[in-house]
Amino acid sequence: MTEAKQAYGILGLIDIVNFTGQSTKLGHHYTKLYTVYFQAHLTEIAERYGFSVIKFTGDGALIFGTNPADFLDIVIDLFVRDKPEDCHGFVSRFRMAGHFSYFQFIEQNGQFIDLACGEGIRVFRIEKYAGPGETVVTHNLFNILKSFLSEKNIDASRLSLNQSLKGFDSEDWFPPFYLLTPTVKSPD
């Protein structure tokens, strides 16, 4: 049975950088192998910190959880500590986007399987402003993350846009966004 459920928390979008270009070059077989690997690895990272994968979007994933420190641990694992390996011809580079709000999800068998509200579209609108190894977050999410940044060794910089983004049109001013970059060294 499918029904709608509301939840307050952090919605994250993880995107594989240059997935389309790589998949076109490598073909369906290797794309499928890499996608299976990426999905399993990402699910393991998300679940390690109490987040759920809502759905995979082909070249990325939507995750949801409630603990801000755990969101930052996912960022660090994805980019540094437990970074998915290059494999099947793919170079594993990622970027993330995050937003903190009240969301509505479609729930099936006790699990969220998709978004059912416009609020979640914000992660898709801001994701393109993150480069490889970066996470861009909304002002709402930054406010709850900022007290954890120094202990997690994550640098933050404000990213102000000179125009409103679709999905943020109701803002009276151009909302600031923040780029987060882990400064933790990779365990070579």
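Which elements each supply at least two residues of the lining of the largest pocket? They are helix H1 (19-48), strand E2 (52-56) and strand E5 (111-115); helices (H or I, at least four residues) and strands (E, at least two) are DSSP runs numbered from the N terminus. The model is predicted: local features need pLDDT of at least 70 and side-chain atom pairs count only at pLDDT 80 or more, while totals for chains, interfaces and linings use all residues. Residues are numbered from 1 along each chain as its sequence is written, and side-chain values use heavy atoms, with hydrogens and water left out.

**Largest pocket**
- A pocket is an open set of points on a 1 Å grid over the protein atoms alone, where a 1.4 Å probe fits, with protein on both sides within 12 Å along at least five of seven lines; lining residues have an atom within 4 Å of a point.
- The volume of the largest pocket is about 200 Å³, taken as the space filled by probe spheres set on the grid points, which are joined across faces, edges and corners.
- E2 provides the largest share of the lining, four residues.
- Six nonpolar, four polar and one charged residues make up the lining, which includes Glu47, Phe51, Phe56 and Gln111. Here Ala, Val, Leu, Ile, Met, Phe, Trp, Tyr, Cys and Pro count as nonpolar, Asp, Glu, Lys and Arg as charged, and the others, Gly among them, as polar.

**Nonpolar cores**
- A nonpolar core joins buried Ala, Val, Leu, Ile, Met, Phe, Trp, Tyr and Cys residues through side-chain atoms within 4.5 Å; buried means under 20% relative accessible area, exposed over 50%, and partly exposed in between (1.4 Å probe, protein chains only).
- The largest core has 34 residues, and Ile14, Phe71, Phe94, Met96, Val137 and Leu180 have the most contacts inside it.
- H2 gives the largest share of this core, eight residues.
- Another core, of 18 residues, lies apart from it and includes Leu13, Phe64, Phe112 and Ile126.

**Helix H2**
- Twelve of the 14 residues of H2 are buried, among them Phe71, Asp73 and Asp77.
- H2 reaches 18 Å from its first C-alpha to its last, close to the 20 Å expected (1.5 Å times one less than its number of residues).

**Positive phi values**
- Asn18, in the loop between E1 and H1, has phi near 60° and is partly exposed at 47% relative accessible area.
- His88, in the loop between H2 and E4, has phi near 55° and is partly exposed at 33%.
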